[in-house]
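Please open the structure in your viewer and keep the selection tool at hand. The stops below tell you what to select next and what is there.

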Amino acid sequence: MYTQINGLYSYLSLKEVNDSLARENAQLRNQLRSSFYIDTLAKRKVNDTVYKVQYEYTMAKVINNSTNHSYNYLTIDKGSKDGITVGMGVICSSGIVGKVLNVKDHLANVQSMLNKDSRFSVMLANNKEIGGIKWGDDLDPHKGLLVDVNNNAQPKLGELVVTSGYSLFPAGIPVGKVSNLQPKGGGISLIMEVTFAVDFSKLQYVDVVDNKFAQEQTGLEAQQKKDD
């Protein structure tokens, strides 16, 4: 009888344990070296290396999610009152999830990677060749396409694809693995199939990435395009 009662209590406490682990995961991400940048100007003034936070992570629970449409979204239980703003990246323990599209006080809408409008800057982990990741035309929830990779690149089957650091995310966040080298484009770029690292049908918790330099970078690049 005691064993059965203890088992019931353990089952009822699972949600609390999961919430605690998710919060701890977000805190650990905030301590990662990849969440910091070296303040080179300050470094020149002092002997010690001075780091400033570039990326901050906010843990959120997924309360709604779709995977079987051409344009999929998920809803998270964090909003503007929690510091969430439009354009922030969203990741989970497995890899990238998408970006924040709309924000209310207590909730936010995220444009999933499984969305025909989604595209992010990524790279081949071995040779650092840059490309873009998007959802495949066949709408398979497990696969995407790595496009615009230099034709001189020599990707390998099973090679890891990660974020490049040129978009909303820190460099090195998993995206997936090269699963098919056959579909190649002509000219100077390659196209290859990638199996996503994230199982989007099982998302429960995510981390919203606040890139402290995102607005500054966007403004600078927009000015460059205007000057060109």
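The tour begins with confidence and then moves through the strands.

This is a predicted model, in which local features need pLDDT of at least 70 and side-chain atom pairs count only at pLDDT 80 or more, while totals for chains, interfaces and linings use all residues. Residues are numbered from 1 along each chain as its sequence is written, and side-chain values use heavy atoms, with hydrogens and water left out.

Colour the model by pLDDT, the predictor's confidence in each residue, from 0 to 100; the protein averages 80, and 68% of the residues score at least 70. Now select residues 40–51, where pLDDT stays under 50 and the model has twelve contacts (heavy atoms within 4.5 Å) beyond four places in sequence. Where pLDDT is low, the predicted coordinates should not be read in detail.

Next, select strand 3, residues 55–65, which pairs in the antiparallel sense with strand 14, residues 205–211, over seven bridges. Strands are DSSP runs (E, at least two residues), numbered from the N terminus, and two of them pair if DSSP finds at least two bridges between them. Within this pairing, tyrosine 57 has valine 209 of strand 14 as its bridge partner.

Stay with strand 3 and follow the hairpin of five residues that joins it to strand 4. Strand 4 covers residues 71–76 and runs antiparallel to strand 3, with three bridges between them; valine 62 stands opposite isoleucine 76 of strand 4.

Finally, select strands 8-9-10-13-12-11, which in that order form a closed barrel of six strands with antiparallel pairing.

Definitions and conventions: Helices (H or I, at least four residues) and strands (E, at least two) are DSSP runs, numbered from the N terminus.
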